[in-house]
Amino acid sequence: MGVTVERDGAFATVRLDRPDKHNGVNKEILHGVVKVGRSLRRDRTLRGVILAGNGPSFCAGADFSSLAATPRDNLMNVLRMMSPWANVFQQWGLVWRQLPVPVVACVQGVCFGAGIQLALAADFRIAAPDARFSVMESKWGLIPDMSGALTLRGAVREDVAKELTMTGRIFGAEEAQALGIVGRVDADPLVAARALLEEIAVRSPDAVAGTKALFHRTRTAGRWRTLLTERLIQVRLIGRGNQLVAVRNNTKKESKPYGPRKFS
């Protein structure tokens with residue numbers, strides 16, 4: 001049990017696969033998610049990823065009985081957290097933000113702690129009506145440390161982020177949508193996610209990757225840094241192979257396919 005990857009054409013579905021534990025994060029899932037994300041980043045024919053969980057839930061959060069089963073585990077976890085760079089726990093989310101293709105999280109059942117941090121790292125979140133969410137770390141006397149501080153503040157106002165984190169309260173799909181944590185509530189998140197990725201895939205893969213980079217790099221940037229980032233990314237797109245394909249397809253009514261993504 002750990003993580004499974006199903007490839008269907010230009011799309012990949014990555015599933016947490018520990019259904020009997022509501023996909024509670026153990027060592028296999030933690031390292032498996034990071035490994036899969038890094039592997040997919042090297043695939044320039046990939047056009048989109050769906051993140052999902054097998055069984056009744058997306059992810060119930062960290063399974064401390066597995067992640068910190070022994071004193072040695074505790075020591076190694078502390079040493080990882082002291083790294084001057086993003087540690088493996090933070091890469092749990094960051095690897096999906098760094099992936100230059102759209103990522104959609106499909107949430108059903110519980111989405112707690114590490115689960116909501118993984119979902120927030122996706123570009124889009126679609127929740128089933130039964131989904132329940134919680135930034136649950138305060139229950140255990142902790143703070144979100146799997147990239148949640150970065151991604152939660154990008155989804156909701158600061159006061160909302162603080163309230164959800166300090167209380168650790170559980171809330172449903174409709175409230176998650178109202179807060180901006182999910183973009184859509186749908187009876188079949190997987191079908192909705194595939195439809196969204198197919199709609200995006202008609203565009204240049206380089207333009208899509210550039211768009212993702214633009215918004216991530218300028219989330220907290222000032223005016224001039226944002227404008228500079230716009231220019232730098234546009235220079236890498238304009239006049240290149242896939243941008244010229246887009247122009248021909250729209251002006252000459254051609255249907256030439258795009259080449260592999262060059263932007264990363």
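These notebook entries record what I looked up in a predicted model.

**Entry 1: the sheet**

I began with the strands. Six of them, in the order E1-E2-E3-E4-E6-E9, form an open sheet, and the pairing is mixed. I then asked why one side of E1 and of E9 is left without a neighbour in the sheet.

I next looked up how E9 is joined to strand E6, which covers residues 124–127. The two strands pair in the parallel sense over 2 bridges. For Ala-127, I found that the bridge partner in E9 is Val-185.

**Entry 2: helices H4 and H5**

I turned to helix H4 (residues 88–97) and helix H5 (residues 114–121). Their axes come within 8 Å and cross at roughly 20°. Angles under 35 degrees count as roughly parallel, and H4 and H5 are therefore roughly parallel to each other. I recorded the crossing of H4 past H5 as right-handed.

Which residues make the contact between H4 and H5? From H4 I listed Trp-92, Gly-93, Trp-96 and Arg-97, and from H5 Ala-114, Gln-117, Leu-118 and Ala-121. Sorted by class, this contact has 5 nonpolar, 2 polar and 1 charged residues.

**Entry 3: helices H5 and H6**

I followed H5 to helix H6 (residues 148–155), where the two pack at an angle of about 60° with their axes 9 Å apart. This angle makes H5 oblique to H6. H5 passes H6 in a left-handed crossing.

On the H5 side I noted Gln-117, Leu-120 and Ala-121, which meet Gly-148, Thr-151, Leu-152 and Ala-155 in H6. By class, the contact of H5 with H6 has 4 nonpolar, 3 polar and no charged residues.

**Entry 4: Val-49**

Finally, I examined Val-49, which lies in strand E3 (residues 48–53). Is Val-49 buried or exposed? Its relative accessibility is 0%. Buried means under 20% relative accessible area, so Val-49 counts as buried.

I then looked up the contacts of Val-49, leaving aside its neighbours within four places in sequence. The contacts are Ala-12, Val-14, Leu-40, Trp-96, Leu-99, Val-101, Pro-102, Val-103, Val-104 and Leu-197. I also recorded Ala-122, which is 73 residues from Val-49 in sequence and 9.2 Å from Val-49 in space, C-alpha to C-alpha.

Technical notes:
Residues numbered from 1 in each chain as written. Predicted model: local features only at pLDDT ≥ 70, side-chain atom pairs only at ≥ 80, totals over all residues. Heavy atoms only, no water. Pairing = 2+ DSSP bridges. Helix = DSSP H or I, 4+ residues; strand = E, 2+ residues; numbered from the N terminus. Axes fitted to C-alpha atoms, helices over the stretch in contact; angles between N-to-C directions. Parallel < 35°, antiparallel > 145°, perpendicular 65-115°, else oblique. Left-handed = near helix turned anticlockwise from the far one by under 90°. Contact = heavy atoms within 4.5 Å. Nonpolar A, V, L, I, M, F, W, Y, C, P; charged D, E, K, R; others polar. Buried < 20%, exposed > 50% of the residue type's maximum accessible area, 1.4 Å probe, protein only.
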